[in-house]
Amino acid sequence: MTPIERLVDFFGGQTKTALALDVSQAAVSYWVAGIHPMGAEKAFKAEELTGGKVTARELCMRTKRSQSAA
């Protein structure tokens, strides 16, 4: 499970994740799919909201999938 997937699981779905981070559900979907990386500001907010269960560092790291697309 990727860090983004763990984050979505923590909040209980993409819509709830979007609401918690003040972004659209589409933005969360793009993060999950690896189309767009999560920005640092949202990653730090996610880390704070999860109590460190998902860290900003994990969320901002590029996966092999997103590196090959760049």
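Modeller: Accessible areas come from the Shrake-Rupley method with a 1.4 Å probe. The model is predicted, and the accessible surface of its protein chain comes to about 4,600 Å². Carbon and sulfur atoms hold 55% of that surface.

Colleague: What confidence does the protein chain have on average?

Modeller: The average pLDDT is 91, and 87% of the residues score at least 70. Residues 65–70 have a pLDDT below 50, and beyond near neighbours in sequence this stretch has four contacts in the model. Where pLDDT is low, the predicted coordinates should not be read in detail.

Colleague: How many helices and how many strands does the protein chain have?

Modeller: There are six helices and zero strands. Read from the N terminus, the order is α-α-α-α-α-α.

Colleague: Why is Asp22 called exposed?

Modeller: Exposed means over 50% relative accessible area. Asp22 has 62%, so Asp22 is exposed. Asp22 belongs to the loop between helix H2 (14–21) and helix H3 (25–33). Its phi is near 60°, a positive value in a residue other than glycine.

Colleague: How many aromatic pairs does a search of the whole structure find?

Modeller: The search finds one.

Colleague: What makes the pair of Phe10 and Phe11 edge-to-face?

Modeller: A pair needs ring centres within 6.5 Å, and edge-to-face needs planes over 60 degrees apart. The centres of Phe10 and Phe11 are 5.1 Å apart and the planes stand at 90°, so the pair is edge-to-face.

Colleague: Are Phe10 and Phe11 buried or exposed, or something in between?

Modeller: Buried means under 20%, and partly exposed covers the range from there up to the exposed class. Phe11 has 17% relative accessibility, so Phe11 counts as buried. Phe10 has 36%, so Phe10 is partly exposed.

Colleague: Which residues of H3 are buried?

Modeller: Ala27, Val28 and Trp31 are buried in H3.

Colleague: What covers the buried residues of H3?

Modeller: The cover includes helix H1 (3–11), H2 and helix H4 (40–49).

Colleague: What share of the protein chain counts as buried?

Modeller: The share is 27% of the 70 residues.

Notes:
Residues are numbered from 1 along each chain as its sequence is written. This is a predicted model: local features need pLDDT of at least 70, side-chain atom pairs count only at pLDDT 80 or more; totals for chains, interfaces and linings use all residues. Side-chain values use heavy atoms; hydrogens and water are left out. pLDDT is the predictor's confidence in each residue, from 0 to 100. Contact means heavy atoms within 4.5 Å. Helices (H or I, at least four residues) and strands (E, at least two) are DSSP runs, numbered from the N terminus. Buried means under 20% relative accessible area, exposed over 50%, partly exposed in between (1.4 Å probe, protein chains only). Rings of Phe, Tyr and Trp (its six-membered ring) pair if their centres lie within 6.5 Å; planes under 30 degrees apart count as stacked, over 60 as edge-to-face and the rest as tilted.
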